[in-house]
Amino acid sequence: MIRYLKTFIAAAQLGSFSTAGARLGLTQSAVSMQIKRLEEELNCELFIRVGKSVAISDHGKQLLRTSEEIVRLFESMKGQTEVAATRGKIDIGAISTVQLGLLPVALADFRKKLPLVEVNVVPGTSVQLMSQIDSNDLSLAVMIRPNLKMTKGLKWTAMLRETYVAIAPSSARETSVKALLAAHPFLRYSRRSYGGQLVDRYLKRTRLQVNDTMELDEPMVIMEMVRKGLGVAIIPYDLAAGASIRKLRVLPLGGAGFFREIGVLQRVAPTPGIAVATLLECIATAALAKEQSSAVQFKSDILKGQR
């Protein structure tokens with residue numbers, strides 16, 4: 001009905017259905033139809049039609065000011081809604097590696113666009129975060145793609161792929177992954193996590209023998225253990241990027257290698273909020289930049305690791 005009132009106001013101000021249609025992007029017949037329906041709703045004649053010309057009626061003149069006020073109030077309500085959408089709070093879940101790498105860049109961009117929206121970052125494993133999304137405790141979660149069938153009503157948006165590599169102390173001299181794993185203690189990425197399950201499946205598929213000594217939840221902790229010479233490990237490359245600076249060697253897994261998909265899990269919403277939509281856009285932009293920079297660094301680290 002607001003649309004019809006806007007058409008009525010334009011036609012009354014311009015004194016022409018065709019001119020009003022040109023301003024509103026409507027045909028003359030569409031303007032005539034909307035005015036007719038409005039007249040039927042109000043049970044009065046808004047325009048006097050003489051041939052192809054129209055003139056606002058006395059009833060129309062009486063209702064014009066009221067119509068203008070209704071439209072003004074409606075636009076004011078829309079404005080209030082838009083302002084409210086740029087305030088408030090978002091609860092987002094994120095796995096630890098995302099909090100250290102992808103999220104700071106995305107949130108810096110988000111803060112510039114919507115500085116009044118408070119962001120609460122909830123840490124957790126991908127399994128935990130998926131459960132919290134399912135129970136509607138989080139607006140979205142940045143995590144590893146789950147290896148489970150998603151509940152109806154959940155939406156997955158892929159953001160980037162992280163290739164897994166073998167890492168070793170800079171003192172290790174083996175040039176193949178098989179020799180590396182056979183010669184050193186193995187620091188296993190916890191099988192309770194999706195990332196660790198990917199490593200476990202890789203080892204079983206390739207039948208590589210490892211000397212398990214520790215199983216840890218956090219890839220960043222594993223990397224530090226390797227740096228200290230406590231063993232070797234298989235983790236996502238992005239954590240070990242710039243390996244020479246970190247005093248690590250990086251070896252590719254070869255043809256049997258694998259990757260993990262990082263993305264955003266959220267509940268399907270009929271009309272996504274401005275804040276959530278903006279945050280998704282910021283995460284996607286940060287993910288693209290990260291993937292591009294990692295590809296360049298990866299080649300350099302692999303060459304150094306194979307020397």
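Me: Why does Y164 count as buried?
Reply: Y164 has 1% relative accessibility, and buried means under 20% relative accessible area, exposed over 50% and partly exposed in between, with a 1.4 Å probe and protein chains only; Y164 therefore counts as buried. This is a predicted model, in which local features need pLDDT of at least 70 and side-chain atom pairs count only at pLDDT 80 or more, while totals for chains, interfaces and linings use all residues. Residues are numbered from 1 along each chain as its sequence is written, and side-chain values use heavy atoms, leaving out hydrogens and water.

Me: How do you know whether F258 is buried or exposed?
Reply: The relative accessible area of F258 is 11%, so F258 is buried.

Me: What makes the pair of Y164 and F258 stacked?
Reply: Rings of Phe, Tyr and Trp (its six-membered ring) pair if their centres lie within 6.5 Å; planes under 30 degrees apart count as stacked, over 60 as edge-to-face and the rest as tilted. The ring centres of Y164 and F258 are 4.4 Å apart and their planes are at 25 degrees, so the pair is stacked. Y164 belongs to strand β6 (residues 154-169) and F258 to the loop between β10 (248-252) and β11 (259-267), 94 residues apart. Such strands (E, at least two residues) and helices (H or I, at least four) are DSSP runs, numbered from the N terminus.

Me: How many aromatic pairs are there by this rule, and why is the one of F17 and F47 called edge-to-face?
Reply: The count comes to four aromatic pairs. F17 and F47 lie 5.2 Å centre to centre, with 90 degrees between the planes, and form an edge-to-face pair. F17 is in helix α2 (residues 17-24) and F47 in strand β1 (residues 47-50), so the pair ties together parts that are 30 residues apart in sequence. Both F17 and F47 are buried, and ring pairs link F8, F17 and F47 into a cluster.

Me: What span does helix α1 reach, and what is expected?
Reply: From first C-alpha to last, α1 reaches 18 Å, close to the 18 Å expected. Its buried residues include Y4, L5, F8 and I9. G15 follows α1 and has a positive phi, near 65 degrees.

Me: What makes strand β7 mostly covered?
Reply: Four of the five residues of β7 (residues 185-189) are buried.

Methods
The expected span of a helix is 1.5 Å times one less than its number of residues.
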